[in-house]
Amino acid sequence: SLLLVLFLLSPQGSAGGSCPPRCVCASNLLSCSQANLSAVPAPLPRFTAVLDLSHNNVTRLRADWAPARLPHLHALLLSHNGLAFVSTEAFTNVPRLRHLDLSSNRLRTLDENLFSDLGELEVLLLYNNEITTVDRTAFENLGRLRKLYLGQNRIARFPLELLREGTRLPQLALLDLSANRLRAVPAGELQALPAWLRDRLYLHNNPLACDCPLFQLLARGHRRRLSAVVDFQDELRCVLPGTPTPIRILALAGRQPLNCSEAREAVLEAYLGDSVTLGCDSRWQGVRSRHWVTPGGERVLGDGGNDSMVLLANGSLQLRALRPEDAGTYACWVAGPLLNETIYVELLVHNFTLHGPHDTLNTAYTTLVGCILSVVLVLIYLYLTPCRCCCCRGTEKPPAPRDDSINSSVLSTTPNHAGGPREPSGSRIPSGAGTGQNGKFKGGGTPPMPPRQGPKAQRKVSDPDSVSSVFSDTPIVV
């Protein structure tokens with residue numbers, strides 16, 4: 001200890017500056033931890049690179065805590081201070097900060113553009129606070145942020161659109177939202193995130209509502225051995241309606257009342273002649289190399305491919321002009337910085353072409369409608385042929401005699417008589433005088449009594465060349 005004090009008091013030990021009271025300085029590191037400070041000591045040496053102010057009583061971090069620019073400061077530790085207020089201009093003079101620890105304090109909100117001056121920040125620790133509100137612009141301009149710890153807070157909604165857009169936090173590789181008050185998460189949007197981000201997306205110890213999309217999201221992660229799922233599978237719990245006790249989310253498979261089914265990792269469906277792209281969604285960043293293996297055992301390297309199979313720059317495999325033999329399970333072999341990984345994608349090729357999303361349905365529908373129309377037209381022709389005169393509807397005609405030939409032409413308008421000149425039209429019986437047959441033959445029926453105007457002559461077989469209405473059964477009086 002005496003040697004350390006002598007070293008710190010020497011000009012070389014302070015690197016040309018003075019060490020603040022109650023702090024320990026070693027080269028460019030200043031440790032003021034557990035010094036019972038209520039404010040940041042001043043002045044701070046310009047050469048300071050690491051400043052540890054943890055376990056004190058600094059409850060407010062104003063804009064003037066660093067009145068002069070500290071160009072070398074890259075780590076600031078302010079945990080366990082009871083910190084309840086941070087000015088939006090508090091980090092103006094520390095633009096090179098890469099590590100900021102504000103954990104275990106009393107922060108309640110993350111205001112607009114709170115960290116926007118920290119363009120080089122890589123690690124931000126905000127766990128174990130009282131945060132309830134997170135403004136979506138609080139992390140504006142944090143293009144290099146890699147790790148964000150927000151666990152053990154009171155957050156009911158986090159702006160996950162920051163992850164979906166991919167431009168707000170492009171290098172984020174770890175997001176800890178555990179032990180908050182999240183009741184729902186957009187499982188579909190989270191599934192679309194890169195695997196290397198889902199591998200470090202912590203959602204355990206939240207009162208999530210049980211549903212099948214959430215189960216399938218975590219089931220895929222468990223199958224892929226993602227750390228956020230495998231390491232905390234017992235803490236990943238959800239609440240069923242009407243059940244106060246949370247249950248393990250991964251235990252929802254086939255369980256009532258949801259009865260969720262297992263989700264397969266990656267299954268693509270396509271049709272003959274289509275082009276598809278198989279994604280190689282690896283959980284490793286900084287992949288050194290990757291290659292694909294087809295269902296037939298053919299290896300597709302990174303130097304391209306043939307006309308029907310091309311390896312793209314992002315590691316995806318593009319298949320063109322699909323054939324039935326292209327179906328099967330494809331494997332993507334990834335050589336990561338630490339370990340290797342194999343990703344399987346199953347391709348289903350339907351044995352017919354599909355020019356549009358509704359072609360098959362339209363063809364079947366058209367065929368069905370055509371059949372129905374044909375049947376309707378036949379029925380109309382047989383039973384509903386219209387009368388030649390407007391007064392025929394709703395009236396009945398007398399039936400033909402029993403001795404008429406049933407082979408008579410149904411098209412005969414005027415029956416041929418045995419002899420004698422044709423009677424004038426005025427001598428016909430009115431159309432409503434008897435019961436008609438509507439053009440149908442009633443075999444074995446009893447004909448009605450002939451009218452009293454006179455005997456009715458026998459009808460001959462109709463002329464087959466005569467074209468007339470099928471309803472013309474009215475006899476002619478001679």
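User: Why is the disulfide of cysteine 280 and cysteine 332 called left-handed?

Analyst: In this predicted model, the torsion about the S-S bond of cysteine 280 and cysteine 332 is about -85 degrees, so the disulfide is left-handed.

User: How do you know that cysteine 280 and cysteine 332 are joined by a disulfide?

Analyst: Their sulfur atoms are 2.0 Å apart. A disulfide requires two cysteine sulfur atoms within 2.5 Å, so cysteine 280 and cysteine 332 qualify. Cysteine 280 sits in the loop between strand 18 and strand 19, and cysteine 332 in strand 23, 52 residues apart. Both cysteine 280 and cysteine 332 are buried.

User: What makes the link of cysteine 210 and cysteine 238 right-handed?

Analyst: The angle about the S-S bond of cysteine 210 and cysteine 238 is 95 degrees, and the link is right-handed. The S to S distance is 2.0 Å, and the cut-off is 2.5 Å, so the pair counts as a disulfide.

User: Which parts does the pair of cysteine 210 and cysteine 238 tie together?

Analyst: Cysteine 210 is in the loop between strand 14 and helix 5, while cysteine 238 is in strand 15, so the pair ties together parts 28 residues apart in sequence.

User: Why is cysteine 210 called buried?

Analyst: Buried means under 20% relative accessible area. Cysteine 210 has 10% relative accessibility, so the word applies. Cysteine 238, with 1%, is buried as well.

User: Is cysteine 212 buried or partly exposed, and what is the value behind the word?

Analyst: Cysteine 212 has a relative accessible area of 21%. Buried requires under 20%, and exposed requires over 50%, so cysteine 212 is partly exposed. Its disulfide partner, cysteine 260, is at 3% and therefore buried. Cysteine 371, at 47%, is partly exposed too.

User: Why do strand 14 and strand 16 stand at the edges of their sheet?

Analyst: The open sheet has 3 strands in the order 14-15-16. Strand 14 and strand 16 each have a single partner strand, so one side of each is left without a neighbour in the sheet.

User: What makes strand 15 and strand 16 a pair?

Analyst: Pairing needs at least two bridges. Strand 15 and strand 16 share 2 bridges, so they pair, in the antiparallel sense. Cysteine 238 stands opposite isoleucine 247 in strand 16.

Key
Residues numbered from 1 in each chain as written. Predicted model: local features only at pLDDT ≥ 70, side-chain atom pairs only at ≥ 80, totals over all residues. Heavy atoms only, no water. Helix = DSSP H or I, 4+ residues; strand = E, 2+ residues; numbered from the N terminus. Buried < 20%, exposed > 50% of the residue type's maximum accessible area, 1.4 Å probe, protein only.
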